[in-house]
Structure formats: structure tokens, C-alpha cells
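Let's take a walk through this protein together. Have a look at the fold first, then follow along below.

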Amino acid sequence: MTASVSVVDKKAFVRWFLKNYQLKRRECVWILNYLLSNDDLLKRIRFVEEAHYCPRAMVMSTVDSTGVPFRFYKGNVMTADAEKSFHDLRLHEQEDMYIQLNFPNIPPSAQYLAVLEENPYMPETLLVSEKDRLLAEELLSNSLLVFQEEKLLAQIDEALDQGDEERFYELSNLLQALKETANLP
């Protein structure tokens, strides 16, 4: 697999991450610092989500996340022993390693997004297709328009009930503008 994220970007992210978050296991800090000291190894590191689907992966969590403190996956084997993963990292530097970091990242930070790569091992049933994403966006957009139209109609009714002619015309114009921009009948 070719590197799509530069070593410089990965180093910047790992430094930022270590500076801003405390990991549940001190061994995770050691592993991340080891990655910072080895450019060749860092080239083979991929930061992904759902790393447990990958053939060789580590999952690390910060103290303010609900994730497991540490997991290492290799083939069908899973362990919480960070020393075994460190040993495997050193022995197999030419193999890709996928790392999932569980930390509060909502909204996602620019630093994280700069290094986050798509997980090539994610089952297709879990991936949201572009078509599904567009359909969801359209549904959300249409729902919002219907809500806005219903709200304006209710406010127009209220203005009529109160005999507020100025408010009625103001809201009617807003409704007309909404319909024009949304191509509503």
C-alpha cells in the first residue's frame, strides 16, 4: 500500500495528540513515541476507524473516551498485551499497521482529519455508499423545508388571527422566497 499521508503529517498529528490527550495505558504513549522516532515504520502506519477489521491493528483510548484501553489484533488473535504489540511492531516493520485512536473528536479536529484514512478492510455492509449518503442528505433537506414551510404557515395563520397585516405580508414574502429557492409548488 502506498502512503497517502506524509510522515511529516503523521508526526505532527501524533505530537499534537500526545500533547492534548492522556491515554488509558502508559504503554500506548511509549508506542506512539516509538513511532515518532522511526520514519520507516511511520510510513507503514495508517490511522483508521474500526481497526479491528484490519489484519494487523492497534486500538488505543484516551481517559476521556469509553473505548477499551488497548487492543492488538493480528490475524484472528486479539490481545490486550501492549508489549506483544510493541514486539510485533519492531519485528515486522515492513508490514502495514492500522491504528484506531478513541478520543473525544466531535467535531473532528483538523489534525485528525489530516491523517485519517479510509479503512480498506471495512465490510461493505458497514460502508455508506455515495448514493445512500445523497439520499439521506436529500431526505434531510426536504424534511427541513417542509418544517420551515409549516412553521411559516402557522405564523401566517397567527398573524391573520391577530389582524397583523404587516406581519402577514412579511411572512408571506418569506414563504414565497422559501418556495422559490426550494422549487416548491
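**Finding your way around**

The centres of domain 1 and domain 2, taken over C-alpha atoms, are separated by 47 Å. Domain 1 covers 5-123 and domain 2 covers 130-177, with bounds that come from an automatic or database domain assignment. Keep in mind that this is a predicted model, where local features need pLDDT of at least 70 and side-chain atom pairs count only at pLDDT 80 or more, while totals for chains, interfaces and linings use all residues. Residues are numbered from 1 along each chain as its sequence is written, and side-chain values use heavy atoms, leaving out hydrogens and water.

A word on terms: helices (H or I, at least four residues) and strands (E, at least two) are DSSP runs numbered from the N terminus, and two strands pair if DSSP finds at least two bridges between them.

Now go strand by strand. S1 pairs with S5 (residues 97-102) in the parallel sense over 3 bridges, and Arg46 has Tyr98 in S5 as its bridge partner. S2 and S5 also run parallel, joined by 5 bridges, with Met60 opposite Leu101 in S5. S2 and S3, on the other hand, run antiparallel, again with 5 bridges; here Ala57 has Tyr73 in S3 as its bridge partner. S3 and S4 pair in the antiparallel sense too, over 3 bridges, and Lys74 stands opposite Val77 in S4. The hairpin of S3 and S4 has 2 residues between the strands, and Gly75 takes a positive phi near 60° there.

Go back to S5 for a moment. Of its 6 residues, 6 are buried, so S5 is largely enclosed by the rest of the structure. Buried means under 20% relative accessible area, exposed means over 50%, and partly exposed is in between (1.4 Å probe, protein chains only). Both faces of S5 are covered, with Met97, Ile99 and Leu101 buried on one side and Tyr98, Gln100 and Asn102 buried on the other.

Next up is helix H4 (residues 82-91). Which residues of H4 are buried? They are Ala82, Ser85, Asp88 and Leu89. Seen down the axis of H4, these buried residues fall within an arc of 120° (taken from the directions from the helix axis to the C-beta atoms), so they line one face of the helix. On the other side of H4, Glu83, Lys84 and Leu91 are exposed. The cover over the buried residues includes H2, H3 (39-43), S2, S3 and S5, where contact means heavy atoms within 4.5 Å.

Finally, find Ala114 in helix H5 (residues 110-115). Its relative accessibility is 42%, so Ala114 counts as partly exposed.
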